[in-house]
Amino acid sequence: MSAIIYQSTKFYHAREQYYAVAGEHTLLRLTIGSIGGHQGGAIKTATASDFGAPPIYRDREALINALQVGIQNLAGGEVDLCIDSDGKGRRFAEICLSGTRDQLFEALTLLADEMARYLGQPAEVDHTAGCSDLRDLYDDLCIAEGAPIYLSDGMYLGSGGRLL
């Protein structure tokens, strides 16, 4: 199964942005711009899904590892991969590439396909690996990853999507 690329509007500051879905999960994001005056973009592991998009793959460390393996399989060696945290403390991996829009789309598709194989999540079998509506709500509301969120009337939402 080939990854499907969708246009994203998640980040208001990025002119051209996309996300890749493979195996029923959003795995990667692509932001197109320029790198050092050359056309290119950044591909990163997804930490939050777009509105109405398939959920992200919940095991962020496995997702980062899958990206590393995918890059090594496709590039044939070591490539600079930046590991960082987003504004909510969620770890992600990112690689910057130069190239045309079509070349970046091809790289995004190939990486998402490699990652889906590595993660072992065929679309026909695994529709819910590590995700739930409450976990999605937690991701949308959390300020610091891991801290419970107070909802109302003494009820909290835990980082795993459980009501406490």
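These legends accompany several close-up views of a predicted model of one protein chain.

Figure 1. Of the 164 residues in the protein chain, 43% are buried. If one looks at the contacts between residues at least 6 apart in sequence, 54% of them join residues that are at least 24 apart.

**Figure 2. The largest nonpolar core and the elements that build it.** The core shown here has 26 residues, and the residues with the most contacts inside it are L27, L28, L30, I43, L67, M115 and L119. Two or more residues are given to this core by each of β2, β3 (25-35), α1, β6 (91-98) and α2. Which element gives the most to this core? That element is α2, which supplies eight residues.

**Figure 3. Helix α1 and the glycine that follows it.** Helix α1 covers residues 60-75, which is 16 residues, and the distance from its first C-alpha to its last is 22 Å, close to the 22 Å expected at 1.5 Å a residue. Its buried residues are R60, A62, L63, I64, A66, L67, G70 and I71, and one of these, L67, is also among the residues with the most contacts inside the largest nonpolar core. Just after α1 comes G76, where phi is positive, at about 80 degrees.

**Figure 4. D113 in helix α2.** Residue D113 has its place in helix α2, which spans residues 101-119. Is D113 buried or exposed? Its relative accessible area is 11%, and because buried means under 20%, D113 counts as buried. The C-alpha atom of D113 is separated by 9.6 Å from that of L27, although the two residues are 86 residues apart along the chain.

**Figure 5. Salt bridges in the model.** Side chains of opposite charge can pair when their charged atoms come close. A search of the whole structure finds six salt bridges, and one of them joins E94 with K44, whose closest N and O atoms are 3.2 Å apart. Since E94 lies in strand β6 and K44 in strand β4 (residues 38-45), the pair ties together parts that are 50 residues apart in sequence. E94 is buried, with a relative accessible area of 17%. Another salt bridge is made by the side chains of R91 and E61, at 2.7 Å from N to O, and this pair links distant parts of the chain, with R91 in strand β6 and E61 in helix α1, 30 residues apart. R91 is partly exposed, at a relative accessible area of 36%, and E61 likewise counts as partly exposed, at 36% relative accessibility. R90 and D86 also form a salt bridge, in which the closest N and O atoms are 2.8 Å apart, and both of these residues are buried.

**Figure 6. The cysteines C82 and C96.** How many disulfides does a search of the whole structure find? The search finds zero disulfides. For C82, the nearest cysteine sulfur is that of C96, 7.6 Å away, and because a disulfide needs two cysteine sulfur atoms within 2.5 Å, C82 is in no disulfide. C96 is likewise in no disulfide, its nearest cysteine sulfur being that of C82. C82 is partly exposed, with a relative accessible area of 38%.

How values were computed. Residues are numbered from 1 along each chain as its sequence is written. This is a predicted model: local features need pLDDT of at least 70, side-chain atom pairs count only at pLDDT 80 or more; totals for chains, interfaces and linings use all residues. Side-chain values use heavy atoms; hydrogens and water are left out. Helices (H or I, at least four residues) and strands (E, at least two) are DSSP runs, numbered from the N terminus. Buried means under 20% relative accessible area, exposed over 50%, partly exposed in between (1.4 Å probe, protein chains only). The expected span of a helix is 1.5 Å times one less than its number of residues. A nonpolar core is a set of buried Ala, Val, Leu, Ile, Met, Phe, Trp, Tyr and Cys residues joined through side-chain atoms within 4.5 Å. A salt bridge is a side-chain nitrogen of Lys or Arg within 4 Å of a carboxyl oxygen of Asp or Glu. Contact means heavy atoms within 4.5 Å.
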